[in-house]
Amino acid sequence: MLVDYVSLFPQATFKGRKNGQRADVAQMLVDLHPRFMRWPGGCIVEGATYENRVKWKETLGDPMTRRGEWDLWGYRATWGMGYHEFLQFCEDLGMDAMFVNNAGMSCSVRNGDFVSSDADMDAVIQDFRDAIDYALADPARNKWAKMRAEAGHPRPFPLKYVEIGNENVGPEYVTHFNYIFKRLKAEYPQITFINTLGHTDRLLEQIPGQYMVDPHWYRDPNFFFANNHLFDDAPRTHDIYVGEYACNGGVGAGNLLAALSEAAFIMGMERNSDVVKMSSYAPLFENENRRDWPCNLIHINSSEVYGRASYYVQQMAAENRPTYNVFVSETSTQGDRQVFRAGGIGLGSYDTQCEYKDIRITRADGSNETCDVNLFQEKKGTWKKEGGVIRQTSNEQVTVAQFPQFSSDDYTLELKARKLSGREGFFIYYGLDKRGQNGYAANVGGWSNRTTAVQPMMRGRVNDVLGRRARQTVETDRWYDIKLVVKPESATLYVDGKEMTVARPAKQTRHFCQAGYDEATGEVVIKVVNGTDQSYFRSFNISGATNVMPTGKVITLSGDAHDENSFSQPTKLSPRMTVWGKFGKEFSYEFAPMSFTILRVKVTK
């Protein structure tokens with residue numbers, strides 16, 4: 001017997017929708033109280049090549065006729081949940097829809113191909129138009145809207161946001177975005193369009209108009225704890241949508257420590273809600289039979305579903321969202337400043353060809369050593385060594401060549417560097433571990449060759465910034481004198497004798513507080529993260545309230561830092577609500593070790 005198409009699915013779907021969602025899985029999303037949904041992603045929007053991108057029109061119609069597509073996550077996507085089902089699901093959950101479409105270019109990291117002719121770009125724009133019209137247009141006037149009506153939905157869908165590309169960066173993306181955005185915004189003024197550049201990328205200066213920006217972060221717990229204040233000084237020029245973020249470094253499949261660091265990050269976004277308008281955790285689902293990503297929010301198998309601790313952090317934040325923020329005099333408790341770890345030195349680049357020579361180390365005792373370029377170990381990139389020069393010739397990102405015979409936290413590194421071609425400048429590493437994967441990078445001429453700063457490196461990736469950023473452009477075919485003075489408590493970078501930046505290790509902060517007022521219930525909502533294994537005592541003074549009711553709610557998520565939920569223990573880490581009777585204008589509370597706690601205090605103004 002030959003079988004062409006098989007789809008095993010429950011007859012009773014969520015809200016009885018044809019080709020709808022599994023009811024238990026959909027209910028997990030309902031319980032998160034989402035306000036919007038982003039579809040279809042993600043890197044598959046860009047594709048391994050431009051032709052490999054998601055083509056939304058192929059996701060319409062009978063699922064049996066959808067040909068599917070091999071995607072760059074390594075499996076074949078069937079498009080069982082297509083564009084229509086996505087829009088229908090948003091309507092069923094009362095969510096706004098966010099459609100993400102290819103910007104005429106593939107993933108710059110994997111391939112980087114793009115279309116450039118006016119005819120090709122006009123076809124890209126038309127594809128956006130057709131998608132918007134399918135969701136919103138009048139069936140009597142538009143063929144795509146007529147298809148929507150024929151699929152059983154004559155009224156418009158709740159499409160509100162359209163993202164142009166995914167994680168695209170650089171000058172080519174600026175050209176594409178400007179071309180697409182200028183035309184679409186004029187035609188669809190009611191749509192909020194989203195740009196994929198980082199919220200501090202200076203290339204935004206080249207893109208006129210009002211749009212949202214979409215930065216992404218996948219990092220370890222230290223990053224999210226350290227960046228509770230990330231948006232305090234963010235530019236207020238464009239609204240920010242944090243479209244993807246998750247703590248997924250060194251936390252198993254997603255333990256409590258990861259969830260608490262995300263809670264601290266969420267509180268920072270909430271405190272800056274004047275500019276951070278939206279956020280969405282990613283990825284959303286994991287099938288237990290295949291893990292392609294370290295941490296995902298909701299785990300499923302053929303008959304069960306459960307949420308990680310991070311799921312409950314998202315739920316607690318959504319269910320306890322205040323009407324507006326109130327002032328908190330101490331939003332975090334500063335710990336002791338850390339020191340840079342001792343480690344090795346290295347050279348590198350980011351999508352740039354460059355070379356180095358005259359590399360010399362001066363130790364704290366005054367002794368010095370000239371580094372033989374032939375001894376550098378190639379960790380990533382294409383390196384050539386000849387005539388006392390070491391040269392990196394590939395287009396790879398975050399390349400590394402490491403000098404293996406040195407490790408210290410107190411020395412001066414001097415060298416000459418020259419850019420041969422490419423988008424950016426130089427990486428000078430310090431504090432490297434033996435694998436060349438973790439340490440710090442002095443990034444000279446980074447961020448599309450506009451900025452110099454020091455960045456932490458983890459698992460071969462750089463992100464965040466230590467110390468101030470300096471404007472700098474690296475010229476091609478010019479030798480630069482680089483000096484890096486490394487101390488346990490600081491790293492000072494000089495270029496051609498000029499001090500560019502001083503990096504210092506961040507203070508270790510694990511206590512955070514954020515507060516707001518819920519007008520619907522007349523409650524002050526206080527959120528506290530204790531990311532340590534010790535109890536945390538904190539005093540509160542609710543000034544401005546006429547009366548404070550002594551009895552209120554306490555919602556707490558706590559446990560061991562390394563605990564995780566599982567199919568056998570799906571709610572091992574989940575919030576518990578208790579009633580507490582000692583609130584007042586002034587009160588103190590003992591927060592449990594490793595906890596995210598929400599106090600709801602009834603007040604009268």
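Let me start with one residue. C371 is buried, at 4% relative accessibility (buried is under 20% relative accessible area, exposed is over 50%, partly exposed is in between; 1.4 Å probe, protein chains only).

A word on the model. It is predicted, so local features need pLDDT of at least 70 and side-chain atom pairs count only at pLDDT 80 or more, while totals for chains, interfaces and linings use all residues. Residues are numbered from 1 along each chain as its sequence is written, and side-chain values use heavy atoms, without hydrogens or water.

Stay with the cysteines. How many disulfides does the structure hold? The count is 0 (a disulfide needs two cysteine sulfur atoms within 2.5 Å). C90 is buried, with a relative accessible area of 0%. As for C371, the nearest cysteine sulfur belongs to C354 and lies 17 Å away.

Next, the rings. There are 48 aromatic pairs in the whole structure (rings of Phe, Tyr and Trp, the last by its six-membered ring, with centres within 6.5 Å; planes under 30 degrees apart are stacked, over 60 edge-to-face, the rest tilted). Take Y83 and Y134. They form a tilted pair, 5.7 Å centre to centre, with 45° between the planes. Where do they sit in the chain? Y83 is in helix α3, residues 83-92, and Y134 is in helix α4, residues 118-136 (helices, H or I, of at least four residues and strands, E, of at least two are DSSP runs, numbered from the N terminus). These two tyrosines are 51 residues apart, so the pair links distant parts of the chain. Y83 is buried, at 0% relative accessible area. Y134 is buried too, at 2%.

Now look at Y356 and F426. Their pair is edge-to-face: 6.1 Å between centres, 70° between planes. Y356 lies in strand β18, residues 352-363, and F426 in strand β25, residues 426-432. So this pair ties together parts that are 70 residues apart in sequence. Are these two buried or exposed? Both are buried: Y356 at 0%, F426 at 1%.

Back to Y83 and Y134. They belong to one aromatic cluster, together with W39, W56, F86, F99 and W144.

Rings can also meet charges. The charged end of R183 sits over the ring of Y179, 3.8 Å from its centre (NZ of Lys or CZ of Arg must be within 6 Å of the ring centre and within 35 degrees of the ring normal). K483 has its charged end over the ring of Y494, at 4.9 Å from the centre.

Last topic: the backbone. Most peptide bonds are trans, and most residues other than glycine have a negative phi. Here are some exceptions. The bond joining G41 and G42 is cis, with omega about 20°. G42 lies in the loop between β1 (36-39) and α2 (43-46). From A282 to P283 the bond is also cis, with omega near -10°. Find P283 in the loop between β11 (276-279) and β12 (285-287).

Then phi. W79 is not a glycine, yet its phi is positive, about 60°. W79 is placed in the loop between β3 (76-77) and α3. At 10% relative accessibility, W79 is buried. D496 is not a glycine either, and has a positive phi of about 50°. This aspartate lies in the loop between β31 (490-495) and β32 (498-503). D496 is partly exposed, at 35% relative accessible area.
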